[in-house]
Amino acid sequence: MSGRGPRRLNWGLPEEPPPKHPYRDTLLVYGGLAIVVVVVAWATGGPVGKAAIVAALFFVVATVWSSWRWRERIHEERRREEKRRAS
């Protein structure tokens, strides 16, 4: 054995800068998922109208939540950067 202590797993997410267009990317991803919901309903013979309503609700709720989280993350990074510059 090498004498080092046990290795620990890092369960946190890596600190990466936000993408260049986080809001646009969010809209594209959730829009794509909403379309998949409607297509799956159509392909399986399910009620497409209900699926479209569920997909629209999913899109709105997920987009609002993700946009709020992106906004918080971007503001937090700006605060950290300002604090770092002030030090």
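1. Let's start with what sits against helix α1: the cover over its buried residues includes α2, which runs over residues 48-86. Please keep in mind as you look around that this is a predicted model.

2. How far apart should the ends of α1 be? The helix takes in residues 22-43, which is 22 residues, and at 1.5 Å a residue that should span 32 Å.

3. Now find the buried residues of α1 in the structure: Pro 22, Thr 26, Tyr 30, Gly 31, Ala 34 and Ala 41. If you look down the axis of α1, these buried residues fall within an arc of 160°, so they line one face of the helix. There is a handy rule behind this kind of pattern: an α-helix has 3.6 residues a turn, so residues three or four places apart point the same way.

4. On the face of α1 directed away from its buried side are the exposed residues Leu 28, Val 29, Ile 35, Trp 42 and Ala 43.

5. Next, look at how the two helices are arranged. The axes of α1 and α2 come within 9 Å and cross at roughly 160°. An angle over 145 degrees counts as roughly antiparallel, so α1 is roughly antiparallel to α2. The crossing of α1 past α2 is right-handed.

6. Which residues does Thr 26 touch, leaving aside its neighbours within four places in sequence? Its contacts are Thr 63, Ser 66 and Trp 70.

7. Compare that with Val 64, a residue of helix α2. Is Val 64 buried or exposed? Its relative accessibility is 55%, and the cut-off for exposed is over 50%, so Val 64 counts as exposed. Along the sequence Val 64 and Thr 26 are 38 residues apart, while their C-alpha atoms are 9.6 Å apart in space.

8. Finally, step outside the helix at each end. Glu 15 is placed in the segment before α1, and with 68% relative accessibility it counts as exposed. From Glu 15 to Ala 34 there are 19 residues along the chain, and 29 Å between the C-alpha atoms. Just after α1, you will find Gly 45 with a positive phi of about 80°.

Definitions and conventions:
Residues are numbered from 1 along each chain as its sequence is written. This is a predicted model: local features need pLDDT of at least 70, side-chain atom pairs count only at pLDDT 80 or more; totals for chains, interfaces and linings use all residues. Side-chain values use heavy atoms; hydrogens and water are left out. Helices (H or I, at least four residues) and strands (E, at least two) are DSSP runs, numbered from the N terminus. The expected span of a helix is 1.5 Å times one less than its number of residues. Buried means under 20% relative accessible area, exposed over 50%, partly exposed in between (1.4 Å probe, protein chains only). The arc is that of the directions from the helix axis to the C-beta atoms. Contact means heavy atoms within 4.5 Å. Axes are lines fitted to C-alpha atoms, for helices over the stretch in contact, and angles run from 0 to 180 degrees between N-to-C directions. Angles under 35 degrees count as roughly parallel, over 145 as roughly antiparallel, 65 to 115 as roughly perpendicular and the rest as oblique. A crossing is left-handed if the near helix is turned anticlockwise from the far one by less than a right angle, and right-handed if clockwise.
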